[in-house]
Amino acid sequence: VIQTIVTAGTGGYLLQVALVYLFAFLLKLPGKEWAMDRTAAYYALNIDQFTTALGYALLRLDFLLPMLTMGIFWLEGFIFFALFSPMWTKRLRALGAASVIMLHIGLGLSMHLGPFPWIAGVAMLGFFPTFIWDAAANWLKKREQPGFTIYYDSECGFCRIAAHVLPPLFLLQTVSVLPAATNENVLKDMMERNSWVAVTDRNARIYKFGVIIEMVCRSPVFRIFAPVLRISHIRRIGTRIYEFAAERRQRTCIPDSIAQTKKPPSFVLPNWATVVAVWCVLYIFAWNVMVLPWQTFTMPKPLRTAGLLLRLDQQWNMFAPFPMKDDGWYIIAARMHDGSIIDLFNKNHPVLQDKSTFAKSTADKPAYVSAMYRGERWRKYMMNISIEGYSGYRRYYARYLCHAWNTSHFYSRRIDEVELIFMLERTEPDYRLSAVERKSFLKYACDATTDPE
């Protein structure tokens, strides 16, 4: 049976996660695209810098987009009350947590949002009531192959920990874990082979890395990986790693008799930690209230500074009050020393150009703009520097491009000049797109000797 732990820390964890959706809902209220026009999903999926292939497929289902908009909007508004409802608490909490996880799976598959959807989905697992976890444990137990006992060296505290920790990691619940001293025959076998010993229900004995393979084979979930671990090369490597650790365990191991005398870990927070947890929850709530557009409450400057230093500052305004409607893609035209021009942002493809103007002509829109970014941090960085408020960083980025290329290529292939070009495309209602506007953010000579201003 799953243990329930109630502390200020666990309460703070639940409140923090739930507040994300409450304030995301409140920040969306001023946007007519969410509650009135129901076009928010349409505009969000038209942000090519985010959208995946599945997102484009959803975008073609125009009848579905208003329902998606309203579903997300009202789920965010309802979820806080579902998670903390005094009535039908267990069922509403399970339904709410499952709904939010499904929402984040959909977001993660249809848009490139980095780790956020997956982290947010995992954070909701703590809301599932104990009856869900008990039912899952019973289901896994039925799929497990029982009849397995692991014997470990009682003079090695590390061995005891490994023997007790590994079976739950493989979702095994029926494995018996015993010190080898309880079975004289097994103890003798363990000393001769310098290995832990596993005994199956058919009295077969397994040693070294083979014990891990056997646990994987009996796992109700991970057994599909057993054929990989049985490959001779992998098994040989695993056995050598085990032997390396076994030969050195006596140098670092704490005897089991001493390890068991240590006080078990307590899940009850000390008084100071309780105070810190309560303060953090109150502070986070106040900060979220402060960023709501219609109120005038503000914190004193020292408190705001503390929040910035501790990264307790929050603003859950993704696609709020409405999704961005200005979108586009980059062309980073690099003039080579031989006069040719390539696009550093698009696999170094040649850039079409007018003979008199450097990289003047526009390129065709890539099929998947979102796939052009090397990762989520680069996506965020590039989307930021397209905003006028971050224009001062463009020169530093151009300088980085010159340095990165010229230090890794021969002199004849060096870059003399780069131009940061953004092809601006605005999303209009009813599946209309504005004409693409070419915006030259910066031209930078790579042989410049002065630092960026």
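Because the model is predicted, local features need pLDDT of at least 70 and side-chain atom pairs count only at pLDDT 80 or more, while totals for chains, interfaces and linings use all residues. Residues are numbered from 1 along each chain as its sequence is written, and side-chain values use heavy atoms, with hydrogens and water left out.

The structure holds one disulfide, a term applied here to a pair of cysteine sulfur atoms within 2.5 Å. The bond joins Cys402 to Cys446, with an S to S distance of 2.0 Å. The link of Cys402 and Cys446 is left-handed, with -60 degrees about the S-S bond. Helices (H or I, at least four residues) and strands (E, at least two) are DSSP runs, numbered from the N terminus. Cys402 is buried, at 4% relative accessible area, and Cys446 is buried at 17%. Here buried means under 20% relative accessible area, exposed over 50%, and partly exposed in between, for a 1.4 Å probe and protein chains only. Of two further cysteines, Cys159 counts as buried at 14% relative accessibility, whereas Cys280 is partly exposed, with a relative accessible area of 22%.

A nonpolar core is taken as a set of buried Ala, Val, Leu, Ile, Met, Phe, Trp, Tyr and Cys residues joined through side-chain atoms within 4.5 Å. The largest such core has 77 residues, and Met124, Leu344 and Val418 have the most contacts inside it. Helix H1 (residues 8–28) gives the most to this core, with 11 residues. Leu344 is in contact (heavy atoms within 4.5 Å) with Ile332, Ala334, Leu401, Trp405, Ile415 and Val418, leaving aside its neighbours within four places in sequence. Another core, of 22 residues, lies apart from the largest one and includes Phe148, Ala163, Val177 and Ile213.

Helix H1 also packs with helix H5 (residues 65–83), at an angle of about 145 degrees and with the axes 8 Å apart. Axes are lines fitted to C-alpha atoms, for helices over the stretch in contact, and angles run from 0 to 180 degrees between N-to-C directions. From H1, the contact is made by Leu15, Ala18, Leu19, Tyr21, Leu22, Ala24, Phe25 and Lys28; from H5, by Phe73, Trp74, Glu76, Gly77, Ile79, Phe80 and Leu83. These residues divide into 12 nonpolar, one polar and two charged. In this division Ala, Val, Leu, Ile, Met, Phe, Trp, Tyr, Cys and Pro count as nonpolar, Asp, Glu, Lys and Arg as charged, and the others, Gly among them, as polar.

His104, in helix H6 (residues 89–110), counts as buried at 2% relative accessibility. Not counting residues up to four places away in sequence, His104 touches Tyr21, Phe116, Pro117, Trp118, Ala120 and Gly121. Arg379, in helix H17 (residues 376–385), is buried, with a relative accessible area of 4%. Leaving aside neighbours within four places in sequence, Arg379 is in contact with Gln49, Phe50, His112, Ser370 and Tyr373. Leu310, in helix H16 (residues 301–310), is exposed, with a relative accessible area of 53%. The C-alpha atoms of Leu310 and Pro117 are separated by 23 Å, and the two residues are 193 residues apart along the chain.
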